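Keep the sequence and the coordinates side by side.

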Amino acid sequence: MPLLTPKGYCNHLRNAVKATPSKGYLARRHLSVHRIAGSVGAEIHNVDISAAALAKNPGTVKEIRDAFLEHQVIFFRDKDLSNDDYLSFASQFGKPAEYPFVRGIDGYPEIIRVLKQEHETVNFGGVWHSDTSYFEEPPMASILLAKEVPPFGGDTLFANQYAAYDALSDGLKRTLDGLRAISTSAKADASKTREDRIRDSGHTQANSTLEASHPVVRTHPETGRKALYVNLAHTSHFEGWTEDESTPLLNYLYSHQIKPEFTCRFVWAKGSIALWDNRCVQHNPINDYHGYRRSMLRITLAGDKPR
């Protein structure tokens, strides 16, 4: 190493620190990313995601998207976004779409309120699932912004479906690679979590039943990786199989998909945001805060047909 002046030595030290982040911590040009679990999930720190800030720093959006694709679900803290800023942020990553069962908040049809009130005992989507897999083109991602949280509980679990597929035996992979499965909006475990919201929303599609056939193993359109794409909430059976024939193998997959080593757990606070990749992640909001109010704003991003 050549002899450095004091100023040059200080610059050298700064560059060395940037080049050797601590374990689990990745410094990028515009933001810092910290993994929260071994398989899935990362928090992003020190970034302004308001519409004005992102307009000034377009490189930030690319770095956030890169982190999203790498970690499958990303989290932000202490973001007091207006509805306009929230919608603008979501629009950087996809096309916001209306949710078919719940009407949006006033003036923002793409933003729905996910609410459990103090007197309610059933939460919204309280089962492991991929969002609306009963669409022909399920959403590519979902975003939640916490507005009110209980004093304890109400965490959300996420599970990496790349890892779930990779951990299967070669023999089971060969069996699953040729299969398709039917998803339905009428499956009981999912439907019961929407009853109160449907009743309150009066949405025109609230009583419709939607069904779609998708590959059991889908290939991510951006990363090219394979992921399991069945879920307890919406998958009813394999295409061409009866429900009785499908149940043993589906039950095995449901338990396999959510093994602890594939998961992370996120503890919400007011102003927290989660953005997850619905193409390769399942999630489950934990219903352990009866007697307290939990209110979130959700935006769904339109997706494509699984292949």
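What follows covers the nonpolar cores, then a strand, then a helix.

This is a predicted model: local features need pLDDT of at least 70, side-chain atom pairs count only at pLDDT 80 or more, and totals for chains, interfaces and linings use all residues. Residues are numbered from 1 along each chain as its sequence is written, and side-chain values use heavy atoms, with hydrogens and water left out.

Begin with the largest nonpolar core, which has 32 residues. A nonpolar core is a set of buried Ala, Val, Leu, Ile, Met, Phe, Trp, Tyr and Cys residues joined through side-chain atoms within 4.5 Å. Buried means under 20% relative accessible area (1.4 Å probe, protein chains only). Ile44, Ile49, Ile64 and Phe76 have the most contacts inside this core. Elements that each supply at least two residues include strand E3 (42–45), helix H3 (58–71) and strand E4 (73–76). Helices (H or I, at least four residues) and strands (E, at least two) are DSSP runs, numbered from the N terminus. H3 gives the most, with 5 residues. A second, separate core of 23 residues includes Phe101 and Cys264.

Now strand E9 (residues 180–184). Of its 5 residues, 4 are buried. E9 pairs antiparallel with strand E10 (residues 211–215) over 5 bridges; pairing requires at least two DSSP bridges between two strands. Ala181 stands opposite His214 in E10, and its bridge partner in E13 is Phe238.

Finish at helix H9 (residues 243–257). A kink of about 30 degrees is centred on Leu249, the bend being the angle between axes fitted to the seven residues ending there and the seven starting there. Leu249 is also among the buried residues of H9.

Note on methods
Buried < 20%, exposed > 50% of the residue type's maximum accessible area, 1.4 Å probe, protein only.
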